[in-house]
Amino acid sequence: MTALHQASQCGAWSICAYLVSCGQDVDEQDANGMTPIMWACYNSFSLRPVQFMLASNANLTATDTQRGNTALHFAVLASNNVVIPSLLKHGAPLQATNKSGQTPLQCAWEQKSSKLTVQHLETAERAQNNVIDSAFTAIRLNPIRAREAVRAAVPLACLTVFGYTAGVIQGWLPMLGIWALASLVSSYISMSFVTPHPSFRETTPYGLFISVLILMYGTWFGLFWPYVNDWIITIPFATGTAAFIYYTYKAVMTDPGYLDLDSRKMRQDIVELAEKDLLESRNTFCTTCMIKKPLRSKHCQMCDRCVGALDHHCPWVNNCIGCGNHRYFVLYLFWLLVMNLYYLYGAYTYFHSVCTAIKPDDTLSATISKYGSCSPWTFILTVQGVVYTFWITALLTSQLWQVVMLGMTTNEHFNRHRYHGFQRRMGRIASPYHHGILRNCGNFFKCSFCGARNDNYDWRNEYDLSKFVDTDELLPSDEQDAEDGHLSHGNDHGHGHSHSRKKAKLGGWFGKGRSHR
């Protein structure tokens, strides 16, 4: 048994990474034919060693000589639900059989493994067979994407029912009853398509956003058009719609700045950081993606990828917002606000043209009541439009303030008190990437105008903080670590969580493993 096998048993991922990066074979077998990833799945309930070996292309089809088990078999035998989703995501063979003729799922049944273990395997088998089991039917499509599509479509159906019943049913009590029933049915349908599969992404907020857009545009052309059909309104409306569609597409579809894994570079970076005693620092290395972190990067839990200059993950566009699409997101917000104001203008014109029962001396409550009675569908969407106007205005203002005035992303703004590079001497907090209003604009929108300059920073490949700030002005890292408990820039697993720095000492890990069986 080699040092790599023993480090794998004990979950000492940094030692595993260093040994493999220095040339040890990641698939080397011991006397029982077990590879390091098999030991990590069976004996260590730490995800990091397995993540590193998967990133190093460990062989998931290899079997041990005694029982013919694969790494997934060993994870199931140990009920190691920490690593099973990662193995499945990287294509661990579900139909591989051991010498007893058992697949991993059959092993789970025989061992009476936990319900979660069985659920992981059964979900993966259904996905592999292109089948979705729901309360209603089996859909033979791409199973995960089909689930996401159904959950995205449910809000449109629900909102349509709300608007239709508001227009045809008299009385608030029966209408509220139908709304409650529609909400329960839509929730049940939506929940039927939830899956713990690791590639599944929540799409309900995105579906709600698209649904409201469809209904508002449908209302504009179906109800408002005869009252707003004027070229002074139509031409700017068409122009704004084209701009809005373009920037929505760019915000949704553009790569936000995902950092790609290069196996050769990963090993070089691991050796370099390990020899500088920086491999365990979350400042410098992402143990999920197994890559050296550029400045401003952060791991997104929703996408399970590191993103350059991450701002936030936006469920409303179903995408991360980072260096690749942040400017498109801000322009999308701007045009969304413009088109929302257009809708409110159309609603105002429509109500004043159609609702003749409204009198100048009516009270505000009487006016609102008459609007609701005159056209309930329009009234409901108009209330949504008013709410969205305040929300979008606040979000757009916040984004521009952070980017232009502070030189920060949302992530950096929320974590500025603990990110290295933001803490200056004498207790000052300032972004090292703030270069003045004009230059911030030039860098953000990637253009030069009115004295603004675009420095063409590539936030996927910027590593040197001294390029942006005099390091003598910064709070020394040892003082920051003592003050913050080593809260790190680019925390892998979310905002505002405390992590203490732990260094794996090789000798201290030995003697803690479980015997092979």
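D304 has a relative accessibility of 33%, so D304 counts as partly exposed. The model described here is predicted. D304 sits in the loop between β5 and β6. Its phi is positive, about 55 degrees, although D304 is not a glycine. Most residues other than glycine have a negative phi.

The side chain of D304 meets that of K89 in a salt bridge, 2.8 Å from N to O. This pair links distant parts of the chain. K89 belongs to helix α6 (residues 84-89), while D304 lies between β5 (298-300) and β6 (305-307). The two residues are 215 residues apart. K89 has a relative accessibility of 40%, so K89 too counts as partly exposed.

## Other salt bridges

How many salt bridges does the structure hold? The count is 10. Side chains of opposite charge can pair when their charged atoms come close. One of the pairs is R453 with D455, where the closest N and O atoms are 2.9 Å apart. R453 is partly exposed, because its relative accessibility is 44%.

K467 and E462 form another pair, with their side chains meeting at 3.2 Å, N to O. E462 has a relative accessible area of 10% and is buried. The cut-off for buried is under 20%. Salt bridges also join E272, K276 and K292 into a network.

Which residue has a positive phi of about 60 degrees although it is not a glycine? That residue is M290. M290 lies in the loop between β3 (285-286) and β4 (291-292). Its relative accessible area is 0%, so M290 is buried.

M290 and D304 can be set side by side. Phi is about 60 degrees at M290 and about 55 degrees at D304. Each residue is in a loop: M290 between β3 and β4, D304 between β5 and β6. Burial separates them. M290 is buried, whereas D304 is partly exposed.

## Packing of α1 against α3

Helix α1 (residues 3-10) packs on helix α3 (residues 36-43). The angle is about 25 degrees, and the axes are 7 Å apart. Therefore α1 is roughly parallel to α3, since angles under 35 degrees count as roughly parallel. The crossing of α1 past α3 is right-handed.

Which residues make this contact? From α1 come L4, H5, S8 and Q9. From α3 come P36, W39, A40 and N43. By class, the contact has 4 nonpolar and 4 polar residues. No charged residues take part.

## N443 in helix α18

N443 is part of helix α18 (residues 437-445). Is N443 buried or exposed? Its relative accessibility is 16%, so N443 counts as buried.

Setting aside neighbours within four places in sequence, N443 contacts H435, R453, N454, D455, N456 and Y457. Two of these contacts, R453 and D455, also form a salt bridge with each other. N443 therefore counts as buried, while its contact R453 is partly exposed at 44% relative accessibility.

## Two buried threonines

T248 is placed in helix α12 (residues 231-253). T248 has a relative accessible area of 12%, so T248 is buried. What does T248 touch, not counting residues up to four places away in sequence? The contacts are F209 and Y332.

T367 is found in helix α15 (residues 364-374). At 14% relative accessibility, T367 counts as buried as well. Beyond its neighbours within four places in sequence, T367 is in contact with I358 and D362. T367 and C355 are 12 residues apart along the chain. Their C-alpha atoms are separated by 9.9 Å.

Definitions and conventions
Residues are numbered from 1 along each chain as its sequence is written. This is a predicted model: local features need pLDDT of at least 70, side-chain atom pairs count only at pLDDT 80 or more; totals for chains, interfaces and linings use all residues. Side-chain values use heavy atoms; hydrogens and water are left out. Axes are lines fitted to C-alpha atoms, for helices over the stretch in contact, and angles run from 0 to 180 degrees between N-to-C directions. Helices (H or I, at least four residues) and strands (E, at least two) are DSSP runs, numbered from the N terminus. Angles under 35 degrees count as roughly parallel, over 145 as roughly antiparallel, 65 to 115 as roughly perpendicular and the rest as oblique. A crossing is left-handed if the near helix is turned anticlockwise from the far one by less than a right angle, and right-handed if clockwise. Contact means heavy atoms within 4.5 Å. Ala, Val, Leu, Ile, Met, Phe, Trp, Tyr, Cys and Pro count as nonpolar, Asp, Glu, Lys and Arg as charged, and the others, Gly among them, as polar. Buried means under 20% relative accessible area, exposed over 50%, partly exposed in between (1.4 Å probe, protein chains only). A salt bridge is a side-chain nitrogen of Lys or Arg within 4 Å of a carboxyl oxygen of Asp or Glu.
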